[in-house]
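Welcome, and thanks for taking a look. Please open the model below, and we will walk through its cross-links and its metal site together.

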Amino acid sequence: MNVYCVEQQVQSCKATTPDVLGPYYFPRPPHRRQICDRDPAFKNERHLLVEGRILDESCQPISGTRIEVWQADHDGHYLFKENCRGYFYAEKGGHYAFLTLHPGTYSTDPKKELFRPAHIHFRVQKPGYNILVTQMYFAGDPNLGRNDSCTECSSDRSDLIVEPRQMCADKTGQFCFRIAHFDIVLKRGNEVSVVPDVDDSEPELDDIVETGK
Ligand SMILES: [Fe+2]
């Protein structure tokens, strides 16, 4: 009997660079895919759609991954608890997407001389994988890398920098939004996390829009 060996090509994906959690993480955010919609700018500004896939280091999709995002509002303010934060799950094929506004930049010193580049925070969690805490940045931001006021942040890492493209529904330019593609690669592991344990006895925040309260 002849035995044929089929050599399988295993594609390799590099684990996404982690980044600092930052001081504005708030556990148990609302379950929602549309964030910052209570920002007054949400009606007037062009929306930003962030989409991508959650993959393992063999480039296989990981569906059902819990994804938490939080960011500053359009003016660079963090509004605790309700606005500009939420969690949702990656779908079949590891696909995820959420709608938001381009985050504003903010200063980290009283003299307002040092700034952080615009960024969106991510905390990505799936059993069997290490919890990834990272940040997504925008190409062309003058505060990236050496100019980032956060010296321990990873805003110089190319895998964290996206280049959004603009899409319009017609030629009037009235119905346009920006799309940022951000794939995330998780490392297999035992759910090691840099996030302190949260008290799971408290329920997640209700989402006012989705529940109608
Ligand atoms: Fe931040």
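The torsion about the S-S bond of Cys-13 and Cys-59 is about 115 degrees, so this disulfide is right-handed; a disulfide here is a pair of cysteine sulfur atoms within 2.5 Å. This is a predicted model, in which local features need pLDDT of at least 70 and side-chain atom pairs count only at pLDDT 80 or more, while totals for chains, interfaces and linings use all residues. Residues are numbered from 1 along each chain as its sequence is written, and side-chain values use heavy atoms, with hydrogens and water left out.

**The disulfide of Cys-13 and Cys-59**
- The sulfur atoms of Cys-13 and Cys-59 sit 2.0 Å apart.
- This pair links distant parts of the chain, 46 residues apart: Cys-13 is in the segment before strand S1 (47-55), and Cys-59 is in the loop between S1 and strand S2 (66-71). Strands are DSSP runs of E with at least two residues, numbered from the N terminus.
- Cys-13 counts as buried at 15% relative accessibility, and Cys-59 counts as buried at 13%. Buried means under 20% relative accessible area, with a 1.4 Å probe and protein chains only.

**The other disulfides**
- In total, the structure holds four disulfides.
- Cys-36 and Cys-84 are joined with an S to S distance of 2.0 Å, and their link is right-handed, with 120 degrees about the S-S bond.
- That link also connects distant parts of the chain, with Cys-36 in the segment before S1 and Cys-84 in the loop between S2 and strand S3 (85-89), 48 residues apart.
- Cys-36 counts as buried at 0% relative accessibility, and Cys-84 does at 1%.
- Cys-150 is joined to Cys-153, S to S 2.0 Å; this link is right-handed at 80 degrees, and both cysteines are buried.
- With the bonded cysteines of the protein chain numbered in sequence order, the pairing reads 1-3, 2-4, 5-6, 7-8.

**The iron site**
- Tyr-78 (OH), Tyr-106 (OH), His-119 (NE2) and His-121 (NE2) coordinate the iron ion at 2.0 to 2.5 Å. Donors are N, O and S atoms within 2.8 Å of the metal (3.2 Å for Na, K and Ca); water is not among the atoms, so sites may look incomplete.
- Along the chain, the donors follow the spacing Y-x27-Y-x12-H-x1-H.
- Tyr-106 lies in strand S5 (residues 106-107) and His-119 in strand S7 (residues 119-125), so the pair ties together parts that are 13 residues apart in sequence.
- Both Tyr-106 and His-119 are buried.

Note on methods. Helix = DSSP H or I, 4+ residues; strand = E, 2+ residues; numbered from the N terminus. Buried < 20%, exposed > 50% of the residue type's maximum accessible area, 1.4 Å probe, protein only.
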